Amino acid sequence: SSSSSSSSCNGTSESSSLHIVEFKPGKIGFQFKGRLVTKVEEGFQAHKHGIQPGWRLSTIDQKPAPEATAEIIKSIRSIFSSNKNVIVGFQKQNSSSSSSS
């Protein structure tokens, strides 16, 4: 029985696995190593948006996210410093995690 994976028509057919989150200036409450989310702190923005460790940062402000942790922090901070919200696209980790064991 192939259940149609609830395709709600939200015009972003371009990359369905991307989870777009808007962060307000302030503490976003997650840690990452490179693009990989390693820790989400309860009670802060990331936790409220349902972000999970293992997700990857894909885009920041509609641009591809940098690879280096420091660069990611820098680009988020620079947007916050001009008092704008940061739009981050996360790549959700599918259960088929092909990690080299």
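Predicted model: local features only at pLDDT ≥ 70, side-chain atom pairs only at ≥ 80, totals over all residues.
## Starting at Arg 35

What does the side chain of Arg 35 meet in a salt bridge? The partner is Glu 67, with an N to O distance of 3.7 Å. Glu 67 is exposed, at 59% relative accessible area.

Now look at where the two partners sit. Arg 35 is in the loop between β2 and β3 (36-40), while Glu 67 is in the loop between β5 (63-64) and α2, so their pairing ties together parts of the chain that are 32 residues apart in sequence.

## The other salt bridges

Why might such pairs form at all? Side chains of opposite charge can pair when their charged atoms come close. How many salt bridges turn up in a search of the whole structure? The count is four.

One of them joins Lys 63 and Asp 61, whose closest N and O atoms are 4.0 Å apart. Asp 61 is partly exposed, with 27% relative accessible area. Another links Lys 74 with Glu 71, and here the closest N and O atoms are 3.4 Å apart. Both Lys 74 and Glu 71 belong to helix α2, where they're three residues apart, or about one turn of the helix. Glu 71 is partly exposed too, at 36% relative accessible area.

Next up is some empty space. Rolling a probe the size of a water molecule over the atoms shows where such space is left. The second largest pocket here has a volume of about 190 Å³. Two elements each give two or more residues to its lining: β2 (30-33) and α2 (69-81).

Which element supplies the largest share of that lining? It's α2, with four residues. The lining includes Phe 30 and Phe 32, along with Ile 73, Ile 76, Arg 77 and Phe 80. Gly 26, Lys 27, Ile 28 and Gly 29 line this pocket as well. Sorted by type, the lining residues come out as six nonpolar, two polar and two charged.

## Thr 59 in its strand

Last stop: Thr 59, which you'll find in strand β4 (residues 56-60). Is Thr 59 buried or exposed? Its relative accessibility is 19%, so Thr 59 counts as buried, since the cut-off for buried is under 20%.

Who are its contacts? Leaving out residues up to four places away in sequence, Thr 59 touches Pro 64 and Ala 65, and also Ile 87, Val 88 and Gly 89.

Note on methods. Residues numbered from 1 in each chain as written. Heavy atoms only, no water. 1 Å grid on protein atoms, 1.4 Å probe; cavity = no way out; pocket = protein on both sides within 12 Å on 5 of 7 lines; lining within 4 Å. Points joined across faces, edges and corners; volume = space filled by probe spheres on them. Nonpolar A, V, L, I, M, F, W, Y, C, P; charged D, E, K, R; others polar. Buried < 20%, exposed > 50% of the residue type's maximum accessible area, 1.4 Å probe, protein only. Contact = heavy atoms within 4.5 Å.
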